[in-house]
Amino acid sequence: MKQQLVIEVNRTHVRIEHPAPVHSVAFSPDGQILASGSYDDTVRLWRAADGALLRTLVGHTDSVLSVAFSPDEQTLASGSVDYTVRLWRATDGVLLRTLEGHTGWVSSVAFSPDGQTLASGSADNTVRLWQVADGTLLRTLEGHTKWVRSVAFSPDGLTLASGSWDNTVRLWKLG
């Protein structure tokens, strides 16, 4: 049965309904676009003001667990159960590159404040740092003993925080 896309707008909220459960959402830095990652293996971009679907990004082969916009709004990253990170051009949805190397689900992605580095956290218990410009793996951070569920850069980009199902948060000095 084909599911209908439902968009509901009233004074207090805009309701957008996916054809499958949604795992992650992120606003573009200017607040105009909302990205959503879903169990239907897609990333969808919506106009935040009224919930209009702008485009659907297809390429992952399993559920999308995390989405994040680069600070300059030009790139969107998505992490998936398919063990990959994909980088998309946010303006038109073109797939720029696929980052491979994790051996478990990619549950979290985050851009550094300057947009040059992307961090990805995974069920393989690692955090990987990638160069956004060409997809080069810069470093693999090891130390967690269970799934890394969340990653975030400090505002100055010199520290990365990672949260894990091993009941720890680790702070990694990058500078």
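Author: Strand S7 and strand S8 (residues 75-80) run antiparallel and are joined by five bridges. Strands are DSSP runs (E, at least two residues), numbered from the N terminus, and two strands pair if DSSP finds at least two bridges between them. Within this pairing, Ala68 has Ala77 in S8 as its bridge partner. The model is predicted, so to speak of a local feature requires pLDDT of at least 70 and side-chain atom pairs count only at pLDDT 80 or more, while totals for chains, interfaces and linings use all residues. Residues are numbered from 1 along each chain as its sequence is written, and side-chain values use heavy atoms, with hydrogens and water left out.

Reader: In what order do the strands of the open sheet lie, and which are the edge strands?

Author: The open sheet has four strands in the order S7-S8-S9-S10, with antiparallel pairing. Its edge strands are S7 (64-69) and S10 (95-99), each of which pairs on one side only. From one strand to the next, the twist averages 20 degrees; axes here are lines fitted to C-alpha atoms, and angles run from 0 to 180 degrees between N-to-C directions.

Reader: How many bridges pair strand S13 with strand S14?

Author: Five bridges pair S13 (residues 126-131) with S14 (residues 137-142) in the antiparallel sense. Arg128 stands opposite Thr140 in S14. Five residues lie between the strands of this hairpin, where Gly135 takes a positive phi near 80 degrees.

Reader: Is Ser120 buried or exposed?

Author: Burial is read from relative accessible area: buried is under 20%, exposed over 50%, and partly exposed in between (1.4 Å probe, protein chains only). Ser120 has 0% relative accessibility and therefore counts as buried. Ser120 belongs to strand S12 (residues 117-122).

Reader: Which side chains make polar contacts with that of Ser120?

Author: A polar contact is a pair of N or O atoms within 3.5 Å; within protein, one must be able to donate a hydrogen and the other to accept it, and residues adjacent in sequence count only if both atoms are side-chain atoms. The side chain of Ser120 makes such a contact with that of His102 at 2.7 Å, and with that of Trp130 at 2.8 Å.

Reader: How many aromatic pairs does a search of the whole structure find?

Author: Rings of Phe, Tyr and Trp (its six-membered ring) pair if their centres lie within 6.5 Å; planes under 30 degrees apart count as stacked, over 60 as edge-to-face and the rest as tilted. The search of the whole structure finds two aromatic pairs. Trp105 and Trp147 are edge-to-face, because their planes stand at 85 degrees, with ring centres 5.4 Å apart. Trp105 lies in the loop between S10 and strand S11 (106-111) and Trp147 in the loop between S14 and strand S15 (148-153), so the pair ties together parts 42 residues apart in sequence. Trp147 and Trp165 form a tilted pair, 4.9 Å centre to centre with 50 degrees between the planes.

Reader: How accessible are Trp105, Trp147 and Trp165?

Author: Trp105 is partly exposed at 37%, Trp147 is buried at 15%, and Trp165 is exposed at 52% relative accessibility.
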